[in-house]
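Thank you for making time this morning.

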Amino acid sequence: MRGAFLLKWIVLTAAVILCPIILEYGFSYSLEPALQAGFFIILSVSLALVVGLTGQISWGHAAFFGIGAYGAAILATRGNLPVVLAIPAGTLVGLAAGFLIGYPVLRLKSYYLALATLVIGIAVQEFFKAADFLTGGEIGLYDLPDIKLGSFELSSAFSHYYVVWMFALIIVFFCDRLSKSFLGKRLRAIHSDEGAAESAGIDVPRMKLGIFTFSAAIAAFAGTLFAHCSYGTIAPGEFGVVLSIKIITMVVIGGMFSVYGAAMGAVIIALLPEMIRRLGDLAHMDLTQITHLQDIAFGVILVIFVIFAPQGLIGKMRMSRTNA
Amino acid sequence: MLEVQAVSCHFGGLVALDNVSLRVEENELVGLMGPNGAGKTTLFNVINSFVPFREGKVYLKGEEISSLTPHMITRKGLVRTFQDIRVFGWLSVLENAEVAVPLNRNIGFWRGMLPTPGARLTQESVRQRAAECLDLVGLSGLSERNARSLTFGQQRLLGVARALATEPDILLLDEPSSGLNQEETEILAEVIREIHQRNIAIFIIEHHIGMLMNLAERIIVLDRGKKIMEGTPAEVREEEGVIKAYFGEKKKWLT
């Protein structure tokens, strides 16, 4: 058991290390989708703790990604904070936002909660667009500095990829532990029945707020990396409802309870546009048509999974294993 | 142990509880009966703060608990089960009991992510404690099963085991035998006796009058939100008025 676990992680880490080398030198292929997959994994895994484990729907997760990105970028550019400090500071801003938003919103249930998080997600994005003096308005912020370690600047696509994926693996590892611990079990008890969980001695409001805040902080951390360990530009369009829907799709595809599943869903959703683009090219579609096709594909995939495999890929795999 | 003082509870114009006062002493086994809609479950909901109420007070071990939230009341030693069972469907049978063991809350955020030796030890003793509770209700053979895959009767017993795992001083059982067959009811009665022998006070709502008469040391009768009688099973049995008014003419129910 222990050996198998270790082996799994060694193989995974090796694959993550080798992937860009093979892409770059084997196929001279862009690292962009692979880098994006890293961000998606962090977002998907963090939301899985709230939606999958605890059963609290949130359609506004992209807002925390954005808050982290703008938080760090504004502190680094207007506040002249070194990037290595702007990243934890931006994460703290996301943590505070998660707490302040979660506190009132988590009293709501089911569609009321869905609606509230959706509206907050939109409101935060509108704020990014409107607060010109801070956020650069519709254009956003650009020429953002890279992470500097001493005199060494992490500015290449390779270094971006490795930093993001290193954190993605660390986050997957610890979130998986968390989901399987007693804390994770208490959260699943809340998912099953909040009233019964209360009467079993579980402090339901506090647990919900705690995991929501933690999840927001992780998403914000991903945002800080997106600002300073990617292309160096951020714009409000990237932090909208479409991204929130994508993140939920990743969680659903992977299987609600499994952190590994959420990570797998993230990789699939990251690579899907690339595959559709190839298909579109073959069919001689133009760029707008391809973009529309990509958006439609997310919706279709989400619906297909909800109807035919609500337990997600991981759930399906487990079932076929036990049936065999 | 438990004292309810002049509690009234209204839902709009409906009076669910009307100036109800009662006591349950340490290690006592008290029954609560009354026709449907008498306010029995509402009384439980009031006691463990599921339903807010304005008039009256509830004391547990001399301490007022009226303004506490349900989980705080559970942590103070009063726990209840539900008429409609409510097991944790996303957890296994063993996990259902584990999350209720007070010690499991020692595993918080950091210890959840970093399994220190201390955390492992905690985990072991929580598991052991939960397994004991399952053993008491006779579900230890099913501990790895998903809670939803259990039969109705087994789920009910799991509800009792989960309540027991919170290490209560007083256990409130809401119609534990409803929906159970004869054999399951007998098992349940045995489990209740066993729990009572462990110095846990029990306050039980029961429609199965025969079972209640056998188990309870004292019975409280509720009707239309009012306490109309209180006494030993023998006294209640003899009170013809109570029986006729609330349980029909046929006395064979009580034998």
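This is a predicted model: local features need pLDDT of at least 70, side-chain atom pairs count only at pLDDT 80 or more; totals for chains, interfaces and linings use all residues.

How many helices and how many strands are there in chain B? There are 10 helices and 10 strands in chain B, where helices (H or I, at least four residues) and strands (E, at least two) are DSSP runs, numbered from the N terminus. The radius of gyration of chain B, taken over C-alpha atoms, is 19 Å, close to the 18 Å that the globule rule (2.2 Å times the number of residues to the power 0.38) gives for 255 residues, so chain B is as compact as a globular protein of that length.

Residues are numbered from 1 along each chain as its sequence is written, and chains are lettered from A, with ligands numbered from 1, in the order in which they are written.

As for confidence, the model scores ipTM 0.90 and pTM 0.91. The mean pLDDT of chain B, pLDDT being the predictor's confidence in each residue from 0 to 100, is 88, and 94% of its residues reach 70 or more. Among the elements of chain B, the highest mean pLDDT, 96, belongs to helix 3, and the lowest, 62, to helix 10 (residues 240–247).

Let me stay with the overall form of chain B for a moment. Its C-alpha atoms fill a box of roughly 65 × 40 × 30 Å, taken along the principal axes. Buried residues make up 42% of the 255 residues; a residue is buried if 20 or more other C-beta atoms, placed from the backbone, lie within 10 Å of its own, exposed if 12 or fewer, and partly exposed in between. Of the contacts in chain B with a separation of 6 or more, 67% are between residues 24 or more positions apart, a contact being two residues whose C-beta atoms, placed from the backbone, lie within 7 Å.

Now to the sheets of chain B, where two strands pair if DSSP finds at least two bridges between them. One is an open sheet of six strands in the order 6-7-8-3-9-10, with mixed pairing. Strand 6 and strand 10 stand at its edges, each with a single partner strand, so one side of each is left without a neighbour in the sheet. Within this sheet, strand 7 (residues 170–174) and strand 8 (residues 201–205) run parallel and are joined by five bridges, with B:Ile170 opposite B:Ala201. Strand 3 (residues 29–33) and strand 9 (residues 218–223) also run parallel, over four bridges, and there B:Met33 stands opposite B:Val221. Strand 9 and strand 10 (residues 226–231), by contrast, run antiparallel over five bridges, and B:Asp223 faces B:Lys226 across that pair. Two residues lie between the strands of this hairpin, where B:Arg224 takes a positive phi near 45 degrees.

The other sheet I want to show is open and has four strands in the order 2-1-4-5 of chain B, with antiparallel pairing. Its edges are strand 2 (14–24) and strand 5 (63–64), each with a single partner strand, so one side of each lacks a neighbour in the sheet. Strand 1 (residues 2–11) and strand 4 (residues 55–60) pair over five bridges, and B:Leu2 stands opposite B:Leu60.

How does chain B meet chain A, and how many residues does each give to the contact? The contact takes 28 residues from chain B and 23 residues from chain A. On the side of chain B, helix 2 gives the most, with four residues.

Finally, two places in chain A deserve a look. All 11 of the 11 residues of helix 8 (residues 182–192) are buried, so this helix is largely enclosed by the rest of the structure; among them are A:Phe182, A:Lys185 and A:His191. A:Glu238, found in the loop between helix 10 (204–228) and helix 11 (241–254) of chain A, is partly exposed, with 18 other C-beta atoms within 10 Å. The C-alpha atoms of A:Glu238 and A:Gln125, 113 residues apart along the chain, are separated by 9.0 Å.
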